[in-house]
Amino acid sequence: MMPGEIVLTVNGKLHTVQAAPESPLLYVLRNELGLNGPHYGCGGEKCGACMVLVGAEPRLSCHLPVSEIGRARITTLEGLIEEGELHPVQRAFIEEQATQCGYCVNGMIITTAALLWKNPHPTDEQIRTALDGNLCRCGAHLRILRAVRRAEKLMSGEV
Amino acid sequence: MAKQDRQGNSGGGPRTGRRGSGRREASWGQPLTNWLDDWLAIEPDGTVTTFSGKVELGTGVRTALAQIVAEELGVPLERVHMVMGDTERTPDEGYTAGSMTISTSGVALRIAAAEARRILLEMAAERLEARLDELAVQDGVISLIRHPERKITYAGLMGGKAFNLEITGNTLLKDPKTYTIVGTSTPREDIPRKVAGQPSFIQDVRLPGMLHGRLVRPPGAGAELISIDESSVADSPGLVKVVQRGNFIAVIAEREEQAILAAQRLKVEWRERATMPPMRDLYTTLRSRPTQDSPLVEQGDYETAFKQAARQLHATYYQPYHAHASIGPSCAVADVKEDQITVWASTPGPYPLSGTLAQLLDVPAEKVHLIHVEGAGSYGQNGSDDAAADAVLLSQAVGRPVRVQWSRQDEFVWEPKAPAMVMEMHGGLDAQGNVVAWDYHVWSPSHVARARSPEQLVAGQLLSGQAASQFGFSFGAERNAPTNYSFPNQRVTVHYLADSPLRASSFRSLGGAENTFANESFMDELAAAAGADALEFRLRYLPDARAREVLKAAAGKAGWERRPSWQGKKDEIAEGRGLAFAWYENDQAIVACVAHLQVDLTSGAVRVKRMVIAHDCGLIINPDGLKNQIEGNVIQSLSRALKEEVQFDERRVTSVDWDSYPILTFSEVPEVEIVLINRPDQPASGAGEPSTITTAAAVANAIFDATGARLRQIPFTPGRVKAALG
């Protein structure tokens with residue numbers, strides 16, 4: 001497990017990083033690229049705090065070997081911001097004040113963004129099912145569900 | 001007016017260093033310093049720097065405190081900058097705990113800001129050659145009411161200088177009726193940065209040259225080191241050092257994933273010892289150990305009333321160990337240098353912890369500079385103080401800054417748990433179904449075991465090999481043990497155990513939640529025995545108008561139908577509703593809760609559909625922030641009531657991950673409806689805890705209403721519900 005050069009596409013830019021091929025993506029993103037969106041939560045793919053988008057798919061990055069990424073485009077919470085403009089899902093989370101401590105919010109936003117791309121008008125059950133893999137200990141669930149609905153409206157131009 | 005400072009000068013003066021009061025020990029949450037400059041500074045650019053010794057634990061107090069200062073001082077909210085929990089900059093306000101930040105730091109800052117405003121007005125009167133009643137304040141500008149062009153700013157008056165004054169405490173505070181900032185739903189300042197991925201948490205602190213540490217903990221608290229084979233990590237990439245002192249073992253590596261790998265690879269042999277009772281014997285153990293007993297309530301002739309009662313009821317309730325289970329495991333960064341030790345930690349008590357870390361390293365307390373950085377929500381004492389101790393030991397070992405990240409398993413196994421408790425009830429009803437006797441006994445370890453000495457931290461225990469007695473004192477199990485009901489004959493007794501089978505410390509509301517579970521479940525049992533409606537039965541013993549209004553507000557919102565609980569129906573999916581009431585700490589916030597739920601009689605699964613809360617915490621500072629706290633309290637306490645129980649065997653904690661300690665998921669979260677009752681004429685009491693305490697009883701009472709089965713042991717898992725159904 002000696003570090004070597006690996007090329008990654010993160011948030012629209014090519015990066016050459018030093019990492020062993022089996023290094024979990026999470027630590028490369030946080031410590032080599034200095035990103036703060038994805039967080040370590042459980043290291044066991046059970047809580048969602050470490051989520052990133054690989055292509056359009058939400059993926060848990062705490063066990064995902066960096067060598068498996070290949071040419072896929074990685075988007076982190078930071079990468080949802082375009083030209084200084086927050087993504088509608090991020091705006092919706094602010095407007096609904098949809099966090100308490102905010103540690104889990106990364107995974108919530110990543111999951112929501114991926115859900116609404118695939119399914120612009122999900123049912124309540126589809127939203128809850130999509131978010132079931134994301135744990136929140138503070139109990140901000142209802143605000144997060146309201147934020148998803150607000151994001152749905154922002155993305156479809158209803159508001 | 002007393003405008004004398006310590007040097008006898010009047011008015012401003014050169015800005016002195018902060019912390020005019022020096023490093024003194026704060027009592028429980030009560031700030032000591034009366035030096036105005038310890039609390040706030042008017043900066044030359046017109047902003048106001050405010051210093052609070054309290055810390056942000058994810059509840060939004062940073063914004064609420066800023067609202068208070070902006071309101072009382074008369075400046076826009078966005079110009080108030082909070083500095084919190086830094087031993088070189090802020091006052092010592094002890095621990096952030098007990099929902100007391102608003103009622104302690106909030107009050108201190110309110111008085112300081114009012115005092116600053118009065119002094120600034122007096123300075124302006126002199127400068128503008130006007131009387132005080134001719135002046136008005138708007139957004140940090142003082143002007144003549146009749147000649148608004150004659151004006152001066154706060155910054156202009158201060159000229160970058162300090163007040164150099166004691167707070168007199170005699171200044172009149174603003175009338176809450178005139179508030180424009182306090183009482184509004186101000187958006188929290190931290191949320192925009194957190195949703196954008198800007199560094200916000202202790203986990204995001206990075207220092208130049210920083211190394212990464214991971215712990216290699218024993219499997220259980222009583223285990224002893226037999227051998228450690230360093231050759232097992234000889235070729236582990238990036239490894240800088242294996243640290244072993246007593247039972248304290250850790251690895252330090254250049255990169256985080258290298259530290260994780262080395263911690264996994266390091267071969268360590270432990271001898272485990274049985275230091276805990278088998279889990280099945282937990283409650284008999286709690287009931288059989290020696291205790292210190294303190295009577296909290298002794299009223300009327302309980303013994304006679306109980307003997308003469310027409311009906312006598314007995315019930316025992318059980319609370320298991322609960323984990324704080326922060327979503328982000330504890331983390332800390334330390335930089336131990338010869339002359340200065342700097343520690344970044346998400347501790348709830350920066351000053352007390354700095355003193356304990358100084359003891360651990362055997363250096364003077366002044367050498368330790370502790371800077372609080374937010375962690376994931378902790379809801380009490382999680383592993384954050386312990387992680388700080390780990391970080392200083394590792395940084396000391398390599399002479400470089402070290403970041404320590406606990407694993408999920410480290411957090412579950414080693415964090416101090418909310419204590420297990422046994423609650424025993426005896427009650428007597430007369431022939432008319434009135435409560436004539438009430439006798440409550442609670443067995444509990446202390447709910448508070450703050451890190452006042454190294455042996456109270458995991459690292460200190462592992463170093464010394466001593467599992468020193470956890471508690472120097474007992475606190476917390478008395479919280480809400482007494483009810484606010486006007487029973488004629490009653491007795492309430494706390495039986496404190498000297499120690500806890502599992503390491504324990506504070507969790508949101510301390511014993512308030514467990515005592516209220518027992519009190520309000522038993523109230524329901526008495527009401528059912530008396531054939532009375534649960535709401536009407538409570539109102540009988542609740543003369544206080546404020547309390548009655550809260551109960552009725554919850555019942556009204558919930559559409560409470562007045563009838564005795566459980567009508568004997570047995571649908572396959574049985575529906576029920578349950579009520580619970582509590583007055584937090586018997587004189588703080590008042591809460592009533594109604595739970596609506598379904599019980600699947602085949603599987604025993606409980607599905608909570610709707611929770612209605614009425615909440616009176618006096619003056620409301622930030623209504624939306626308050627609702628956020630209440631929703632969180634209700635959902636978290638529902639998770640605790642339905643699902644949570646720390647598993648262990650005689651040697652170790654076996655709840656090590658989210659599979660072995662499941663919490664509520666999105667699909668299981670009910671609707672929460674909240675009625676806020678604002679009392680601008682009443683002091684603002686905290687809201688971080690009160691609405692956590694009524695949930696378990698409301699749910700247990702609703703399960704009874706649905707099925708006739710009484711759940712007396714938390715959590716109400718399908719298995720327990722099935723067993724209770726018989």
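Tutor: Start with a term: the domain bounds used here come from an automatic or database domain assignment. With that, the C-alpha centres of domain 2 of chain B and domain 3 of chain B lie 37 Å apart. Keep in mind that this is a predicted model.

Student: Which residues make up the domains of chain B?

Tutor: Domain 1 of chain B covers 36–181. Domain 2 is written in two pieces, 203–272 + 330–405, and so is domain 3, as 289–321 + 418–725.

Student: How many residues do domain 2 and domain 3 of chain B put into their contact?

Tutor: Domain 2 of chain B puts in 23 residues and domain 3 of chain B puts in 21 residues. On the domain 2 side, helix H8 (350–361) and helix H9 (384–398) of chain B each supply at least two residues. That side of domain 2 divides into nine nonpolar, nine polar and five charged residues.

Student: What about chain A, what are its domains?

Tutor: Chain A is divided into domain 1 (4–80) and domain 2 (88–155). Their C-alpha centres are 21 Å apart. In the contact, 14 residues of domain 1 of chain A meet 14 residues of domain 2 of chain A.

Student: Which element of domain 1 of chain A gives the most to that side?

Tutor: E3(A) does, with three residues. Strand E3 (51–54) and strand E4 (57–60) of chain A each supply at least two residues there. By class, that side of domain 1 has 10 nonpolar, three polar and one charged residues.

Student: Now the two chains together. How many residues are in contact between chain B and chain A?

Tutor: 48 residues of chain B are in contact with 50 residues of chain A. On the chain B side, the elements that give two or more residues are helix H4 (191–195), helix H5 (256–265) and helix H15 (623–642) of chain B. H15(B) gives the most, with eight residues. The chain B side has 19 nonpolar, 17 polar and 12 charged residues.

Student: How does the span of H3(A) compare with what 1.5 Å a residue gives?

Tutor: The 14 residues of helix H3 (residues 105–118) of chain A should span 20 Å at 1.5 Å a residue, and the end C-alpha atoms are 20 Å apart, which agrees.

Student: Okay, so what is the phi of A:Gln97?

Tutor: A:Gln97 has a positive phi of about 50° although it is not a glycine. A:Gln97 sits in the loop between H2 and H3 of chain A. With 21 other C-beta atoms within 10 Å, A:Gln97 is buried.

Student: And where is B:Ala325?

Tutor: B:Ala325 is in the loop between strand E13 (311–319) and strand E14 (331–336) of chain B. Its phi is near 55°, a positive value in a residue other than glycine. B:Ala325 is buried, with 29 other C-beta atoms within 10 Å.

Student: Which peptide bond is cis?

Tutor: The bond from B:Ile714 to B:Pro715 is cis, with omega near 0°. B:Pro715 lies in the loop between helix H16 (695–707) and helix H17 (718–725) of chain B.

Student: Is B:Gln567 buried or exposed?

Tutor: B:Gln567 counts as exposed, because it has 11 C-beta neighbours inside 10 Å. B:Gln567 is in the loop between helix H14 (545–558) and strand E21 (573–583) of chain B. The C-alpha atoms of B:Gln567 and B:Gly708 are separated by 8.3 Å, although these residues are 141 residues apart along the chain.

Student: Last topic, confidence. What does the model score?

Tutor: The model scores ipTM 0.97 and pTM 0.93. Chain B averages a pLDDT of 92, and 94% of the residues score at least 70. Over residues 1–30 of chain B, the pLDDT is below 50. Beyond near neighbours in sequence, that stretch has 60 contacts in the model.

Technical notes:
Residues numbered from 1 in each chain as written. Chains lettered and ligands numbered in written order. Predicted model: local features only at pLDDT ≥ 70, side-chain atom pairs only at ≥ 80, totals over all residues. Contact = placed C-beta atoms within 7 Å. Helix = DSSP H or I, 4+ residues; strand = E, 2+ residues; numbered from the N terminus. Nonpolar A, V, L, I, M, F, W, Y, C, P; charged D, E, K, R; others polar. Expected span 1.5 Å × (residues − 1). Buried ≥ 20, exposed ≤ 12 C-beta atoms within 10 Å, placed from the backbone. pLDDT = per-residue confidence, 0-100.
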